[in-house]
Amino acid sequence: MSTKTNTKTFADRFPEEASIVRRAFLVAFVALGLGALFGIIQALHRTNVLRFIPSTDYYTVLTAHGVLLVIVFTIFFLVGLYQWAITRSLDRSPENITFTKAWLGLMSLGSLLAGATILLGFINEIGISADVLFTFYAPLQAHPLFYAGLAVFLVGTWLAGVDWFRTWLAWRRENPDERIPLQTFMVLTSMIMWYIATIGVAIAVLFFLLPWSLGFIETVNPLLTRTLFWFFGHPVVYFWLLPAYMLWYTVMPKIAGGRLFSDPLARVVFVLFVLLSTPVGIHHQYVDPGIAEGFKFIAMVNTMFLLLPSLLTAFTVVASIEHGARQRGGSGYLGWLKALPWRDPAFTGMALAGLMFAAGGFSGMVNAGMNINYLVHNTLWVPGHFHLTVGTAVTLTMMAGTYWLWPQITNKRLYSRPIALGQVVMWFGGMALMSNAMHVAGLFGVPRRTAEPQYQSFSFETVFGTVGELRIQIAVGGALLFLSTVLFLSNLMLSWGNPKTSGLGQTLPPALSGPSDSPRVLDNLKLWTVIALVLVVLAYALPLGSIVADSGLLGPGGNAYPVIVDVSQILTEGFAGAFDSFAEVIR
């Protein structure tokens, strides 16, 4: 059956904007390829299957893997997707395309500075490094170029939001009585959340970490900067996730053959993320003794409220694809599942990503609970959890979404849909293996953030199987994920060689329950912004004030490091002797 239509593609209607989207995706996919390479190196090294780097370089690899994938890849894909969404839904170009190119250039420059600083850590003679992992906790210290790169990147994202708000305001002046189109609403609420969330990391980098790295101040307060990081660090999880939500809400029902079930529910979900995503970061700091237990309990309660938008999303998206399946002839309580387009890699990838997100939600509830969190904190359980969320719910959705978007932004067909289908299934299988083993290993205390998880004279015991079997499972899963990434990138590169084709345009149908069915207050962005800021002040004013009152704005003192602790010293002198030596170093 022919898939040609008379609808123009996005590239036909907005060629300059399509070019911006392609450039953003290019940076995202370069970061994805490099991040995947570092990921397989980690998986093989940590499991002792194949080691070809010294363990001291493992932390450079780990930092590069985290920063390239969870910052550069995800956010560059986000800005590309959001540029497509706001241009398409408002049916208008940005107010100044030069400004659009400028913020994309700033983001690229910042990524280059931070990424190059990390990679230079492999060359000891240069003396430039940033082996501080994704969280860049003080007193770990990076070269100033790393923090400067983060700052430039951050400014670029802020300007992207300014660009999108300008486009919307121009549209609003011409359409004063119209409801905000759904995709535009999603973009704007995401950016409101981003502006609020990045207050913390901007203060940490610009006022503490960068001056400290440059030598302008001698010390920083590690607990203060760590708390400011998690002020940002938890909502950034949703900043990665909301592009996936956009694709699930607006594109997935179309592929399934139906329409979005409820536009109002989608708006409610994005408003809830604006309100609830930032006041919960302290749940990442349950083991920090400098934060009172009462503040941690409040953060736990706030975190549990975030189950609501996820449950609403599950209901709305499943209802939407069920509608599509029944439009395609599906019937019965579950028989409609067979009518879904499982041979379409875009649909199957998103569906499998959603399934993994449900599993990640269950492990996330464990992370959010104070008492049980103590069992899994800083173990492999935690990376097992976020490989389900950002590693699959987000990444697999972005891959699948690219398969649908590719013809719209290039006027070229995908090179191979069968390869694409195999790729998304392989990613799902690889992640199922790896994340399952990580969760099990974490339950039995296997630590994270270390190249040497197995210590002499100490062994981890499992209820079933062996630690060796878990390691093999992680290695095999990591290998499948790497191969899946190679297939994804190769398919896109080969697709670029395809000739341009007409008739590839796609439209997105209106929701079954449209925006007119929701109260106009949902579109009151100023109201939700004010409420969100009030909730943030209530959640963070007292904890931050207490931290500063206890240990000062710049902390009690201490030297920056990495510090290498000799494990043999622990074995010969005992933990007490090693701790005394370590304390002497940081005094």
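Student: What makes Gln141 count as partly exposed?
Tutor: Its relative accessibility is 27%. Buried means under 20% relative accessible area, exposed over 50%, and partly exposed in between (1.4 Å probe, protein chains only). Gln141 therefore counts as partly exposed.

Student: What kind of model is this?
Tutor: This is a predicted model: local features need pLDDT of at least 70, side-chain atom pairs count only at pLDDT 80 or more, and totals for chains, interfaces and linings use all residues. Residues are numbered from 1 along each chain as its sequence is written, and side-chain values use heavy atoms, with hydrogens and water left out.

Student: Where does Gln141 lie?
Tutor: In the loop between helix H4 (97-119) and helix H5 (144-174). Helices here are DSSP runs (H or I, at least four residues), numbered from the N terminus.

Student: How do you know that the span of H7 agrees with its length?
Tutor: The expected span is 1.5 Å times one less than the number of residues. For the twelve residues of H7 (222-233) that should be 16 Å, and the end C-alpha atoms are 15 Å apart, which agrees.

Student: Why is H7 called largely enclosed?
Tutor: Because eleven of its twelve residues are buried. Among them are Arg226, Trp230 and Gly233. What covers the buried residues includes helices H6, H8 and H17.

Student: What makes Asn221 a cap of H7?
Tutor: A side-chain oxygen of Asn221 lies 3.2 Å from the backbone nitrogen of Leu223, at the N-terminal end of H7. A polar contact is a pair of N or O atoms within 3.5 Å; within protein, one must be able to donate a hydrogen and the other to accept it, and residues adjacent in sequence count only if both atoms are side-chain atoms. The side chain of Asn221 also reaches the backbone oxygen of Gly552 at 2.7 Å.

Student: Is Asn221 buried or exposed?
Tutor: Asn221 has a relative accessible area of 2%, so it is buried.

Student: Why is the pair Lys101 and Glu16 called a salt bridge?
Tutor: The term needs a side-chain nitrogen of Lys or Arg within 4 Å of a carboxyl oxygen of Asp or Glu. Lys101 and Glu16 meet at 3.8 Å, N to O. The pair links distant parts of the chain, 85 residues apart.

Student: How many residues separate Glu322 and Arg326 in helix H11?
Tutor: Four, so about one helical turn separates them. Their closest N and O atoms are 2.8 Å apart, in a salt bridge.

Methods:
Helix = DSSP H or I, 4+ residues; strand = E, 2+ residues; numbered from the N terminus. Contact = heavy atoms within 4.5 Å.
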